[in-house]
Amino acid sequence: MTESNKHPAGSPVLAGLALLCSQLSLNLGAAIAKQLFPSIGVEGVTAYRVGMSALVMLLIFRPWRTPLTLKQVLNVAIYGSVIGLMNLLIYRAFSRIPMGIAVAIEVAGPLTVAVLSSHRPRDFVAVCLAAVGLYFLLPIHGQVDQLDPVGVAYAAGAAVCWALYIVYGKRVSSMSGGQSVAWGMLAASLFIVPIGVAHAGALLLTPSFMLVGLAIAVMSSALPYTLEMLSMRRLSSRTFSMFSSAAPALSALAGMVVLGEHLTLIQWLAIGAIVMASALTSLR
């Protein structure tokens with residue numbers, strides 16, 4: 001029996017499945033989080049997600065047992081800051097536009113990473129598909145009143161953060177176990193939690209809110225980021241980006257099932273075009 005047969009969990013196929021599970025958990029957690037926005041605000045929910053995730057990851061992986069090098073400290077600091085800002089921006093987008101549309105715009109980040117790492121002819125087709133999809137989602141044509149431009153801008157900012165997350169996540173993914181995720185979430189919490197406390201204050205200590213916040217933290221950060229980090233070890237940045245191609249569709253479904261966010265046919269087709277663009281660049 002070969003070494004690869006002894007350890008099937010390390011196969012790229014299972015790495016892809018782990019990434020898909022992370023997306024399912026992430027989007028369901030996001031739908032639950034959006035329901036909490038009216039109570040403690042976007043900043044408060046983000047503080048729960050990032051802060052509680054950091055505590056969970058630190059307790060599980062105890063990353064302080066392996067000291068970091070100066071280079072690792074720098075990469076983890078950037079990685080964590082990007083995580084925190086990405087969470088805040090996408091939640092701000094969720095508060096203004098439907099989840100599926102926000103994530104469809106956000107996925108332009110990993111799509112850009114994939115296209116820049118490859119120059120095959122089909123990537124040009126993928127770019128065209130993504131451009132068509134974004135055209136029908138962004139408020140840049142006739143029916144500009146359908147989407148809040150500020151929400152779109154927040155989603156675009158989250159797209160930039162997602163691209164940086166892939167780049168710096170790959171750099172720290174060589175660290176043992178969940179150490180990189182734990183350190184990254186700690187860095188993110190140092191950035192985000194003070195913002196949440198400043199906006200929500202003592203409401204964050206409400207027991208019922210804290211229980212929901214813990215569920216959001218596990219489903220939206222602790223579990224998916226750990227699964228993603230495991231996947232990053234087996235997948236290239238481009239392949240990782242393309243496995244994320246289903247994110248807009250999954251997010252739209254979560255928004256529809258949990259929040260009742262029904263999209264128009266044109267919006268579904270636009271999301272489908274972006275998903276196809278992402279998937280196309282992963283074909284060998």
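Two residues are in contact here when their heavy atoms lie within 4.5 Å. With that in mind, welcome to this predicted model. Among the protein's contacts with a separation of 6 or more, 89% join residues 24 or more positions apart. The protein has 12 helices and 0 strands, and buried residues make up 51% of its 284 residues.

**The nonpolar cores**

- The largest nonpolar core has 74 residues, and those touching the most other members are I40, V45, Y79, Y91, F94, Y165 and M185.
- Several elements give two or more residues to this core: helix 2 (12–61), helix 3 (70–94), helix 4, helix 7 (149–172), helix 8 (179–200), helix 9 (207–234), helix 11 and helix 12 (265–280).
- Helix 2 supplies the largest share of the core, with 16 residues.
- Another core, of 6 residues, lies apart from the largest one and includes V115, A126, A130 and A277.

**Where helix 4 meets helix 5**

- Helix 4 covers residues 99–106 and helix 5 covers residues 108–116; their axes come within 5 Å and cross at roughly 25 degrees.
- Angles under 35 degrees count as roughly parallel, so helix 4 is roughly parallel to helix 5.
- On the helix 4 side the meeting residues are A104, I105 and E106, while helix 5 brings A108, G109 and P110.
- By type, the residues of this contact divide into 4 nonpolar, 1 polar and 1 charged.

**A closer look at helix 11**

- Helix 11 runs over residues 247–259, and at 1.5 Å a residue its 13 residues should span 18 Å.
- Buried residues in helix 11 are A247, P248, L250, S251, A252, A254 and G255.
- After helix 11 comes G260, which has a positive phi, near 75 degrees.

- R62 sits in the loop between helix 2 and helix 3.
- The phi of R62 is near 40 degrees, a positive value in a residue other than glycine.
- Is R62 buried or partly exposed? With a relative accessible area of 40%, R62 is partly exposed, because that class lies between the 20% limit for buried and the 50% limit for exposed.

Note on methods:
Residues numbered from 1 in each chain as written. Predicted model: local features only at pLDDT ≥ 70, side-chain atom pairs only at ≥ 80, totals over all residues. Heavy atoms only, no water. Axes fitted to C-alpha atoms, helices over the stretch in contact; angles between N-to-C directions. Helix = DSSP H or I, 4+ residues; strand = E, 2+ residues; numbered from the N terminus. Parallel < 35°, antiparallel > 145°, perpendicular 65-115°, else oblique. Nonpolar A, V, L, I, M, F, W, Y, C, P; charged D, E, K, R; others polar. Expected span 1.5 Å × (residues − 1). Buried < 20%, exposed > 50% of the residue type's maximum accessible area, 1.4 Å probe, protein only. Core = buried A, V, L, I, M, F, W, Y, C linked by side-chain atoms within 4.5 Å.
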